[in-house]
Amino acid sequence: MPSLLFFQYLLPMKLQNKRILCLVHEAFEDLEFWYPYYRLQEEGATLTVAGETKGAVYHGKYGVPATSDIAYRDADPTQFDGLLVPGGWAPDKIRRFPEVRELVRALNERGAVLGQICHAGWVFISAGILKGRRVTSTPAIKDDMVNAGALWVDEPVVVDGNLVSSRRPPDLPFYTRALIDLLSR
């Protein structure tokens, strides 16, 4: 007789046929990348990791590596249903690439689900898509968010249209649940 573990694989997955793009660079926040990455994958999503260079290994703040499948410049916004940007110090590097800013704007215009947590708000600030939007982030970048025109609140997770934002690693269960719920619509 098959084990109970076997039967969990027969349950329907909410995100089958969904493609999610994940942006990384050196010093990303390990948990803010890997926790949602695996949860989205468990729900059936296909995840593609993009970095400055295809095939490069980027290390999280605590040393956990992630290898990019593609380069930022090769990411086609029409091929993705969602975007995941972890925090850490990587967002300050990621936002400097014009192709990333264009990609974020294009995904936003398409209505793709955009996930940002902690310092990831910097990427969305630089893309110019936060004006008038209700968001949260680490309090460390609250002033940056407000100066970009966002309506900043101190809550575990905030959903504003296609944008899901969260503050820090302890909020990951709320953040990831909101991403899954929005992506499954």
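This is a predicted model: local features need pLDDT of at least 70, side-chain atom pairs count only at pLDDT 80 or more; totals for chains, interfaces and linings use all residues.
Colleague: OK, and where is Thr138 found?

Modeller: Thr138 lies in a loop, the one that runs between β8 (134–135) and α6 (142–147).

Colleague: What does Thr138 touch, leaving out residues up to four places away in sequence?

Modeller: With those neighbours set aside, Thr138 is in contact with Cys118, His119, Trp152 and Arg167.

Colleague: Switching to Leu83: buried or exposed?

Modeller: Leu83, which belongs to strand β6 (residues 82–85), has a relative accessibility of 1% and therefore counts as buried, the cut-off being under 20%.

Colleague: And which residues does Leu83 touch, again not counting those up to four places away in sequence?

Modeller: On that count Leu83 touches Ile20, Leu21, Leu23, Val104, Leu107, Val113, Leu114, Gly115 and Phe124.

Colleague: How far apart are Leu83 and Tyr38 in space?

Modeller: From C-alpha to C-alpha they are 14 Å apart, and in sequence 45 residues separate Leu83 from Tyr38.

Colleague: New topic, helix α7: how many residues does it have, and what does it reach from first C-alpha to last?

Modeller: Helix α7 (residues 172–183) has twelve residues and spans 16 Å between those two atoms, close to the 16 Å expected at 1.5 Å a residue.

Colleague: Which residues of α7 are buried?

Modeller: The buried ones are Leu172, Tyr175, Thr176, Ala178, Leu179, Ile180, Leu182 and Leu183.

Colleague: What do they pack against?

Modeller: The buried residues of α7 pack against the helix α2 (30–42) and against the strands β1 (19–23), β6, β7 (113–117), β10 (157–160) and β11 (163–166), and β6 is the strand that holds Leu83.

Definitions and conventions. Residues are numbered from 1 along each chain as its sequence is written. Side-chain values use heavy atoms; hydrogens and water are left out. Helices (H or I, at least four residues) and strands (E, at least two) are DSSP runs, numbered from the N terminus. Buried means under 20% relative accessible area, exposed over 50%, partly exposed in between (1.4 Å probe, protein chains only). Contact means heavy atoms within 4.5 Å. The expected span of a helix is 1.5 Å times one less than its number of residues.
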